[in-house]
Amino acid sequence: MRIALLGATGATGRFVLDLALGQGHEVHAVVRNASRLATRRDGLRVFETALSDVDRLTEAFRGVDAV
């Protein structure tokens, strides 16, 4: 499954990110500051953007099964 994850740098987001990647899912992590994202693993794409940037969010959500 391909998942878009908002808030991947927060406590809950990091937990969900590790869980999803560990189960073999592809994750589009939507973050405000990519340097706060400690993990770089196969299956992870990082989208650094503000939540008000509709074009970038559209790109992050393209082809995902769940947000």
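Buried is taken here as under 20% relative accessible area, exposed as over 50%, and partly exposed as in between, with a 1.4 Å probe and protein chains only. By this scale Arg41, at 34% relative accessibility, counts as partly exposed. The model is predicted, so local features are reported only at pLDDT of at least 70 and side-chain atom pairs only at pLDDT 80 or more, whereas totals for chains, interfaces and linings use all residues. Residues are numbered from 1 along each chain as its sequence is written, and side-chain values rest on heavy atoms, with hydrogens and water left out.

Helices (H or I, at least four residues) and strands (E, at least two) are DSSP runs numbered from the N terminus. Leaving out residues up to four places away in sequence, Ala34 touches Arg40, Val46 and Glu48. Thr58, by contrast, is 24 residues from Ala34 in sequence and 18 Å from Ala34 in space, C-alpha to C-alpha.

Within strand E2 (residues 26-31) lies His28, which is buried with a relative accessible area of 2%. Apart from its neighbours within four places in sequence, His28 has contacts with Arg2, Ile3, Ala4, Leu5, Arg45, Phe47, Ala60, Arg62 and Val64.

A salt bridge is defined as a side-chain nitrogen of Lys or Arg within 4 Å of a carboxyl oxygen of Asp or Glu, and a search of the whole structure finds three. In one of them, the side chains of Arg2 and Glu26 meet at 3.2 Å, N to O. This pair links distant parts of the chain, since Arg2 is in strand E1 (residues 2-6) and Glu26 is in strand E2, 24 residues apart. Arg2 counts as partly exposed at 30% relative accessibility, as does Glu26 at 27%.

A salt bridge also joins Arg41 to Asp18, with the closest N and O atoms 3.4 Å apart. Because Arg41 lies in the loop between E2 and strand E3 (44-48) and Asp18 in helix H1 (residues 11-22), the pair ties together parts that are 23 residues apart in sequence. Asp18 is partly exposed, with a relative accessible area of 40%, and its C-alpha atom is separated by 9.6 Å from that of Ala8, ten residues away along the chain.

The side chains of Arg56 and Glu59 likewise meet in a salt bridge, at 3.1 Å from N to O. Both of these residues lie in helix H2 (residues 54-61), where Arg56 and Glu59 are three residues apart, about one turn of the helix. Arg56 is partly exposed at 24% relative accessibility, and Glu59 is partly exposed at 31%.

On a 1 Å grid over the protein atoms alone, a pocket is an open set of points where a 1.4 Å probe fits, with protein on both sides within 12 Å along at least five of seven lines, and its lining residues have an atom within 4 Å of a point. Grid points are joined across faces, edges and corners, and a volume is the space filled by probe spheres set on the points. The largest pocket has a volume of about 170 Å³ and is lined by Leu6, Gly7, Thr9, Gly10, Val30, Val31, Arg32, Asn33, Arg36, Thr49 and Leu51. With Ala, Val, Leu, Ile, Met, Phe, Trp, Tyr, Cys and Pro counted as nonpolar, Asp, Glu, Lys and Arg as charged, and the others, Gly among them, as polar, the lining divides into four nonpolar, five polar and two charged residues.

Among the lining residues is Thr49, whose place is in the loop between E3 and H2. Thr49 is buried, with a relative accessible area of 7%, and touches Val30, Val31, Arg32, Arg56 and Leu57 when residues up to four places away in sequence are not counted.

Note on methods
Contact means heavy atoms within 4.5 Å.
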